[in-house]
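Hi! Here is the structure I promised to pass on to you. Have a look at it first, and then read my notes below.

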Amino acid sequence: MKKRLRTHFITVMLILLSVAMLRPVKAEAATFENIPVYVVDDMRDYDQKIGLSWKLDWNLNSDVTEQCRYAKFSLAKDSIVRIKMATENRKAAGAEDYFRLYGNETMAVPITDNDIRFDEGDDYFLLKAGTYYVQCGSKLYMYSTSNHSTKIMIGAVPVDKAVEVKQTASADKRKVTITVTQKFATELKGTTWHEGKLTKMPYGSQLLDQTNTFTVSKNGWYTVCLLSKSTINWNKDIDYYVYINVTGIGEGAKKGVTYTSNNLKYKLVKKGFDGTGTVMVTGMVKAKASVTIPKTVVIQGVSYKVVKINSKAFYKKSKIKKVTIQSTYLTSIGKNAFNGINKKAVFKVPKSKYKAYTKMLTAKTGFVKKTMKVKK
């Protein structure tokens with residue numbers, strides 16, 4: 001009996017051992033190192049501005065044919081990211097370095113998977129704010145040994161600082177020359193422009209000249225496409241689109257003349273093109289229950305900032321119950337500007353200007369503190 005029990009016990013243990021051996025072994029989780037991203041306003045002098053982000057040392061031989069490391073980095077803003085890899089002291093022709101970039105920690109599908117066969121690689125990516133994960137390694141694909149290092153540099157330019165656009169109107173205001181300065185690449189494959197607000201450049205798009213400028217003769221939207229040049233031939237280069245609204249073609253506002261736009265009246269304060277000119281609101285065309293003071297207004301083909309509300313602009317317009325001030329450029333509100341509007345009128349102002357505009361809205365301007373309200 002004891003012998004039979006011992007036999008059964010041994011059999012059960014063997015079965016359990018076999019099951020344990022057949023059960024899949026859970027892969028060990030990757031340990032991610034934090035690596036820095038150098039955020040700059042201009043990345044064209046990349047090597048001087050960025051410096052070393054990550055250095056990896058490899059020791060490959062017949063026993064160890066592949067090694068890899070894991071890392072992660074974060075972006076606070078949507079950015080154009082440049083990642084450059086270079087190897088040092090790699091003597092073995094059979095050694096190959098690789099770089100893989102992932103959008104999440106599971107590392108299921110890479111954003112890019114590059115082999116660096118010729119000692120260096122330089123790539124650009126248009127990445128949204130968030131955390132990204134990296135697998136970087138070196139392997140042997142033929143018998144050899146290699147003791148070498150890999151250097152990685154990561155730099156980023158926030159998309160809102162990646163390109164600088166300047167518009168210059170001709171003396172007769174019949175043409176505008178647009179200069180586009182990109183700050184994320186040392187070399188571009190080509191920069192093209194086309195009329196309209198486009199998401200894909202059509203056949204026949206024109207190249208910018210050597211000074212990165214082009215000239216147009218009518219107002220409206222224009223699209224510029226900048227193509228970064230990757231040194232990894234099989235990786236997709238990025239196409240970065242810039243949208244430019246031209247409003248500088250036209251004679252513009254003249255001193256002392258009243259102009260109307262969206263039921264408001266305006267007069268010139270200061271001449272200027274390319275958004276440097278300013279105007280003031282002097283009144284409204286037709287009495288309505290609400291009025292909106294915009295940030296900018298286009299007059300005679302030229303865009304102007306709204307910087308003032310003139311005295312008596314809305315004097316005795318008793319129908320007005322709501323005043324929305326969108327402009328963040330106001331420097332003054334004139335005497336009796338709102339005197340005589342509805343006593344329970346509500347003023348809505350930009351959050352960033354709440355304190356400043358509340359101080360401007362005084363009894364002298366017609367603001368009734370007891371009954372009127374100012375909201376953000």
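**What I found**

Let's begin with Glu 88, which is partly exposed at a relative accessible area of 29%. Here, buried means under 20% relative accessible area, exposed means over 50%, and partly exposed is in between (1.4 Å probe, protein chains only). Before going on, please note that this is a predicted model, in which local features need pLDDT of at least 70 and side-chain atom pairs count only at pLDDT 80 or more, while totals for chains, interfaces and linings use all residues. Residues are numbered from 1 along each chain as its sequence is written, and side-chain values use heavy atoms, with hydrogens and water left out.

**Salt bridges**

Which residue does Glu 88 form a salt bridge with? The partner is Lys 151, and the closest N and O atoms of the two are 2.8 Å apart. A salt bridge here is a side-chain nitrogen of Lys or Arg within 4 Å of a carboxyl oxygen of Asp or Glu. This pair links distant parts of the chain, since Glu 88 sits in strand E5 (residues 79-88) and Lys 151 in strand E10 (residues 146-158), 63 residues apart. Strands (E, at least two residues) and helices (H or I, at least four) are DSSP runs, numbered from the N terminus. Lys 151 is partly exposed, also with a relative accessible area of 29%.

Another of them joins the side chains of Arg 90 and Asp 97, at 2.8 Å from N to O. Are these two residues buried or exposed? Both Arg 90 and Asp 97 are buried. There is also a salt bridge between Lys 254 and Glu 251, with their closest N and O atoms 3.8 Å apart. Lys 254 is partly exposed, with a relative accessible area of 45%. As background, side chains of opposite charge can pair when their charged atoms come close.

**Aromatic pairs**

How many aromatic pairs are there? The count comes to 10. Phe 32 and Tyr 70 have ring centres 6.0 Å apart and planes at 80°, so they are an edge-to-face pair. The rule is that rings of Phe, Tyr and Trp (its six-membered ring) pair if their centres lie within 6.5 Å; planes under 30 degrees apart count as stacked, over 60 as edge-to-face and the rest as tilted. Phe 32 is in strand E1 (residues 32-34) and Tyr 70 in strand E4 (residues 66-75), so this pair links distant parts of the chain, 38 residues apart. Phe 32 counts as buried at 16% relative accessibility, whereas Tyr 70 is partly exposed at 23%.

Phe 184 and Tyr 240 are edge-to-face too, because their ring centres lie 5.8 Å apart and their planes are at 75°. They also link distant parts of the chain: Phe 184 is in the loop between strand E12 (176-182) and strand E13 (188-195), and Tyr 240 is in strand E17 (residues 239-246), 56 residues apart. Phe 184 is buried at 0% relative accessibility, and Tyr 240 is buried at 12%.

Ring pairs also link Phe 314, Phe 338, Phe 347 and Phe 367 into a cluster.

**A patch of positive charge**

On the surface, Lys 312, Lys 316, Lys 335 and Lys 364 gather in a patch of positive charge. A patch of this kind joins like charges within 9 Å, from residues with over 30% relative accessible area and no salt bridge. Lys 335 is exposed, with a relative accessible area of 59%, and is found in the loop between strand E25 (332-333) and strand E26 (346-348).

**Some single residues**

Asn 89 has a positive phi of about 60° although it is not a glycine. You will find Asn 89 in the loop between E5 and strand E6 (95-102), where it is exposed at 58% relative accessible area. Gln 300, again not a glycine, has a positive phi of about 55°. Its place is in the loop between strand E22 (296-299) and strand E23 (302-309), and Gln 300 is partly exposed at 36%.

Asp 123 lies in strand E8 (residues 120-127) and is buried, with a relative accessible area of 3%. Asp 123 and Lys 84 are 39 residues apart in sequence, with their C-alpha atoms 6.4 Å apart in space.

Enjoy exploring!

Terms used: Patch = residues over 30% accessible without salt bridge, like charges linked within 9 Å, V, L, I, M, F, W, Y side chains within 5 Å. Areas by Shrake-Rupley, 256 points an atom, 1.4 Å probe, with all protein chains shown as cover. Lys, Arg positive; Asp, Glu negative; His and termini not counted. Charge placed at Lys NZ, Arg CZ, Asp CG, Glu CD.
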